[in-house]
Amino acid sequence: MKVLRTVLGDVPAENSGLMLSHEHLLYGYPGAELDHRAVLDYDAAVDFVAGQVRRGKDDFGYGTIVDMTPPEVGRHPQFMVDVATKTGMNVIAITGFFPERMGVPYYWRRQTIEELTDFFVKDLTEGMVFAWAQTPYRAGAIKIATGQESVTPMPSPLGPNGRHIHEVEDRVIRAAGRAATRVGCAINTHIDPMDFEVTNPGREQLEILLEEGMDPAKVIIGHAFVPPQLESMREILKLGANVQLDHIGIPWRVDSAEELDEAMAEALVTLLDEGYGERVVMSFDRWFMNPRAGVTEQDPQLLNEKVDLSYMFTSWVPRLKSKGVTDEQLDQMMIYNPRRIFAIDVAEGNQ
Ligand SMILES: [Zn+2]
């Protein structure tokens, strides 16, 4: 039986509805949860996020949101549970880590591949730990992340094994590959587009995962279209993995959302023409709630919440349709592809 492992339990994969493969219900860079200026009115925050999620469900038919927030970036199991309970939306949490330069707390940098594997497997099969306490809420996928983004963003330097991947990230990725193989779950990744200047970061992530025996069909390379580099994406697709088109309506590492949308749409049409329609998923990478949003306005990323979920259907889908993308292709990318990739076959002896 194929299931989606949500924070409220396993649900049949065919109940996915439209899926968003990379979003954040609650998000703050590591340490934000200690900031006086970021203190949450918890109930108001749940209501604020649940309102957006409910509109996405009622007005547009979204059925599942993958909350790609890593444990050290504000992942809050109870928050996800409360939003899911209030809205009926399937919410899939992830285990994994942020890039080494931005995340992976010191404690976890000291762990072996085996210990990291065990951490991920327990999050996926027993339940996540929050603030020293075990919860019964399980993660349903793994996130891995690479890239040099830091206080001063720049492309990643060469790391071990001739890749632009840091030493800690290399260990985390190996552990993720082993844990995902044991559980039968998906891995969705974060790359930094700046690394396209020095390498194909998606291929480098895949190489390590393949060395650990990971099924590439269960891997999504995220941020792959920001901005689109067709040769890099073809290289990833030829290795058997999937690519995620995200930052729809959100300018990241580019000057204008309009220019990025248009470039991504053109690249997508090319990949569809080449027969890759079964290997693309689409998402925003929105922050539904970032307690510092609108406060630090010099960072345009903090304004992400101004792109509403409706943008998919008022702007993005019409743009694709004007280029000849069909309803069948849209359903493939918004329902069937993410459903297939995130499904866990619990009959196969997976944990
Ligand atoms: Zn994200």
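Biologist: Which residues does Thr-69 touch, not counting residues up to four places away in sequence?

Modeller: The model is predicted. Contact means heavy atoms within 4.5 Å. In this structure, Thr-69 touches Glu-23, His-24, Leu-25, Leu-26 and Tyr-27, and also Gly-74, Arg-75 and Ile-94. Thr-69 itself sits in the loop that runs between strand E4 (62–67) and helix H2 (77–87).

Biologist: Why does Thr-69 count as buried?

Modeller: A residue is called buried when its relative accessible area is under 20%. Thr-69 has a relative accessibility of 1%, so it counts as buried.

Biologist: Which side chains does the side chain of Thr-69 join through polar contacts?

Modeller: There are two partners to look at. The side chain of His-24 makes a polar contact of 2.9 Å with that of Thr-69. The side chain of Asp-67 makes one of 2.5 Å with that of Thr-69.

Biologist: Are His-22 and His-24 buried or exposed?

Modeller: Both His-22 and His-24 are buried.

Biologist: Now a strand. Where is Val-243, and which residues is it in contact with?

Modeller: Val-243 belongs to strand E11 (residues 242–245). Its relative accessibility is 0%, so Val-243 counts as buried. Neighbours within four places in sequence aside, its contacts include Ile-220, Ile-221, Ala-224 and Phe-225. Others among them are Met-233, Ile-236 and Leu-237, along with Arg-279, Val-280 and Val-281.

Biologist: How far apart are Val-243 and Met-214?

Modeller: Sequence and space are two separate scales. Val-243 and Met-214 are 29 residues apart in sequence, and their C-alpha atoms are 16 Å apart in space.

Biologist: How should I read a helix, and which residues of helix H7 are buried?

Modeller: An α-helix has 3.6 residues a turn, so residues three or four places apart point the same way. In helix H7 (residues 230–238) the buried residues are Ser-232, Met-233, Arg-234, Ile-236 and Leu-237. These buried residues pack against helix H6 (201–211), strand E10 (219–221), E11 and helix H8 (257–273). After H7 comes Gly-240, with a positive phi near 95°.

Biologist: How much space lies in the largest pocket, and which residues are closest to its centre?

Modeller: The largest pocket holds about 1100 Å³ of space. It is lined by 35 residues, of which Pro-71, Glu-72, Val-129, Phe-130 and Ala-131 are the closest to its centre. Helix H3 (106–109), helix H4 (113–125) and strand E6 (129–130) each give at least two residues to this lining. H4 has the largest share, five residues. Sorted by class, the lining has 21 nonpolar, nine charged and five polar residues.

Biologist: And how many cavities of 30 Å³ or more are there?

Modeller: In a cavity, the probe fits but cannot get out. The count here is one cavity of 30 Å³ or more. The largest cavity contains about 40 Å³ of space. Its lining consists of Gln-52, Arg-55, Gly-56, Phe-60, Arg-286, Asp-308 and Leu-309. By class that lining has three charged, two polar and two nonpolar residues.

Definitions and conventions:
Residues are numbered from 1 along each chain as its sequence is written. This is a predicted model: local features need pLDDT of at least 70, side-chain atom pairs count only at pLDDT 80 or more; totals for chains, interfaces and linings use all residues. Side-chain values use heavy atoms; hydrogens and water are left out. On a 1 Å grid over the protein atoms alone, a cavity is a set of points where a 1.4 Å probe fits but cannot get out, and a pocket is an open set with protein on both sides within 12 Å along at least five of seven lines; lining residues have an atom within 4 Å of a point. Grid points are joined across faces, edges and corners, and a volume is the space filled by probe spheres set on the points. Helices (H or I, at least four residues) and strands (E, at least two) are DSSP runs, numbered from the N terminus. Ala, Val, Leu, Ile, Met, Phe, Trp, Tyr, Cys and Pro count as nonpolar, Asp, Glu, Lys and Arg as charged, and the others, Gly among them, as polar. Buried means under 20% relative accessible area, exposed over 50%, partly exposed in between (1.4 Å probe, protein chains only). A polar contact is a pair of N or O atoms within 3.5 Å; within protein, one must be able to donate a hydrogen and the other to accept it, and residues adjacent in sequence count only if both atoms are side-chain atoms.
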